[in-house]
Amino acid sequence: MSDAAATSTPQSRDMKALEALYLTQVRQKRLYSGILLLLFVLLVATGFQTANARNAGGFLQGLPNILSFPTEVLSEAWANRANVPGLIVKFIPSLIETVNIAAVSTLIGALLAMVLALLSTRGLARWPRLTPLFRRLMDITRAIPEIVIALVLIFILGGGPVPAMIAIAMHTAGALGKLFSEAAENADLKPVEGLTSVGASWIQRMWLGIIPQVAPNWLSYALMRFEINIRASAILGFVGSGGIGYDLKIAMQWGAGKYDQVVAIFLILFLTIVVVDQISDRYRNRLVKGV
Amino acid sequence: MLQVENVTRRFGQKAAVDDISFSVQGPAFVGIIGRSGAGKSTFLRMMNRLTDATSGRIMVEGRDILALKGAEMRAWQSQCAMIFQQFNLVPRMDVASNVLHGILNRRSTVATIFNLWPEADIVKALAILDRLGIAEQAPKRAEALSGGQQQRVAIARALMQDPKIILADEPIASLDPMNAQIVMDALRRINQEDGRMVIANLHTLDTARRYCDRVIGMRDGRIVFDGLPDQLTTGVARDIYGADASFSEAATSTSIDALDTRYAEALLS
């Protein structure tokens, strides 16, 4: 270490040069961030103009109407508010179906994501040369919209929860795989080195050296994905995979007079997300603190 | 200048700092020693207002700094620098920016968020780094520096605050003997040349003897010794650390001179 040498006072000429050097660096950094900020503002402003010009109605003219549909839904539901508790009970079986689709697809997707993540993380991969392959595989599953996969599978397998489950699981594997891989990349490699030094196999190293470190992060990503998948599974009901989305599609139709059902469905979906959030928070804390 | 009056801090039932009182006149170098858990860190953290006191007063120039709140409390923190065992720098920011953090309390929030500092401030920060012998490290990220260099950056941040009192919580506990000496020498110079009061928690007796004007010994939250470094005999040390006759100072010493080869051999055999 050159610490001892560094404590001797440098000549003032060096100090002046150093000062000038650092100040130039600072000015340059400021100039770059200024240009970047200007570019950002310019892009947003011009982009807004383009988007507004291509809009059928125009942004500013349409703005006052933004609340008219929700108002209609809510006022109709308010008129029939006595029905809402009964409707909530009625929709519980389809909610369970939707949550089941989400749960199974999250579980399968997360298991696939674990394998894909470890195989595509720099420094951990079993076959380092194949990491681009596994990465592209995850990119593909993320790039294809779930609804497209579901529609194709419904065509092949017929309507029902299985196509929705496969579609969501594929997307989950890609999306979670990327997040898992980033968490694993930040893991400390020292425990892995320790396990390598005793002759552990790759699976032993990953399971005992990496998983304990990344488990809290992975779990919270997976639970977050579960919440997203509940919503995705409800949307897929629109295209005929059952669950609460199908009921929502029927109820949402204009002039059907079923807006009380819409409100009931949104209420139980919201409550489900709240419950999942609360439970996941509790379990994650327990895992992190080891209570 | 500094009067500590009956300061107590309880965590649950246990008192980490138990009714301690002392006063310091003028810019002294005060060392606080004691085993871990004796309440040394808690006391320094209370002075810097990182931890609240349960009761008591700390009077600095006629005002009770434990009663300050909000902006006044932050203004006090800005005048009372703290140096930590693990340096507590922002690892991904450059060294000069870390030093400039010392005056965050006196500059506008918006300007500092965008890292916009007046050039006079930057020049001052570089001059302080030069005084501590690490000016050439200014553009590097803090995490790229060795432990001893990082602790000197932390001291530079403290000096940037232009404080009346510098608190140092085990400043050399994470450093090797060579770097420990550089850091302690820097603190001593600041104390003597600038006339700033330094209160340092130390974990080795030889450091306390060598650098301090006055040593306070703490045990279980209470002050059990308060005197000159020369009065710090082995018997007193045993009392402070609650050790029996097998206590050997050389075993914990970080001084190169104190290296006791016989003791090392005895441990290895």
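The model is predicted: local features need pLDDT of at least 70, side-chain atom pairs count only at pLDDT 80 or more, and totals for chains, interfaces and linings use all residues. Residues are numbered from 1 along each chain as its sequence is written, while chains are lettered from A and ligands numbered from 1 in the order in which they are written.

Two helices of chain A pack together. Helices (H or I, at least four residues) and strands (E, at least two) are DSSP runs, numbered from the N terminus. The axes of helix α5 (residues 84–119) of chain A and helix α10 (residues 202–236) of chain A come within 9 Å and cross at roughly 145°. Axes are lines fitted to C-alpha atoms, for helices over the stretch in contact, and angles run from 0 to 180 degrees between N-to-C directions. The crossing of α5(A) and α10(A) is right-handed. A crossing is right-handed if the near helix is turned clockwise from the far one by less than a right angle, and left-handed if anticlockwise. Residues in contact have C-beta atoms, placed from the backbone, within 7 Å. On α5(A) the contact includes V99(A), I101(A) and L118(A); on α10(A) it includes M206(A), F226(A) and I230(A). By class, this contact has 11 nonpolar, five polar and one charged residues. Ala, Val, Leu, Ile, Met, Phe, Trp, Tyr, Cys and Pro count as nonpolar, Asp, Glu, Lys and Arg as charged, and the others, Gly among them, as polar.

Chain B has an open sheet of four strands in the order β2-β1-β4-β5, with antiparallel pairing. Strands pair if DSSP finds at least two bridges between them. The edge strands, β2 (14–24) and β5 (63–64) of chain B, each pair on one side only. Five bridges join β1 (residues 2–11) and β4 (residues 55–60) of chain B in the antiparallel sense. V4(B) stands opposite I58(B) in β4(B). Helix α1 (residues 40–47) of chain B lies across β1, β2 and β4 of chain B, at about 65° to β2(B).

Six strands of chain B form an open sheet in the order β6-β7-β8-β3-β9-β10, with mixed pairing. β6 (80–83) and β10 of chain B stand at the edges with a single partner strand each, so one side of each lacks a neighbour in the sheet. Neighbouring strands of this sheet are turned by 20° against each other on average, direction ignored. Strands β7 (residues 165–169) and β8 (residues 197–201) of chain B run parallel and share five bridges. I165(B) has M197(B) as its bridge partner in β8(B). Helix α9 (residues 234–241) of chain B packs on the sheet, touching β3 (29–33), β9 and β10 of chain B. Strands β9 (residues 214–219) and β10 (residues 222–227) of chain B pair in the antiparallel sense over five bridges. Their hairpin has two residues between the strands, and D220(B) takes a positive phi near 50°.

Notes:
Two residues are in contact if their C-beta atoms, placed from the backbone, lie within 7 Å.
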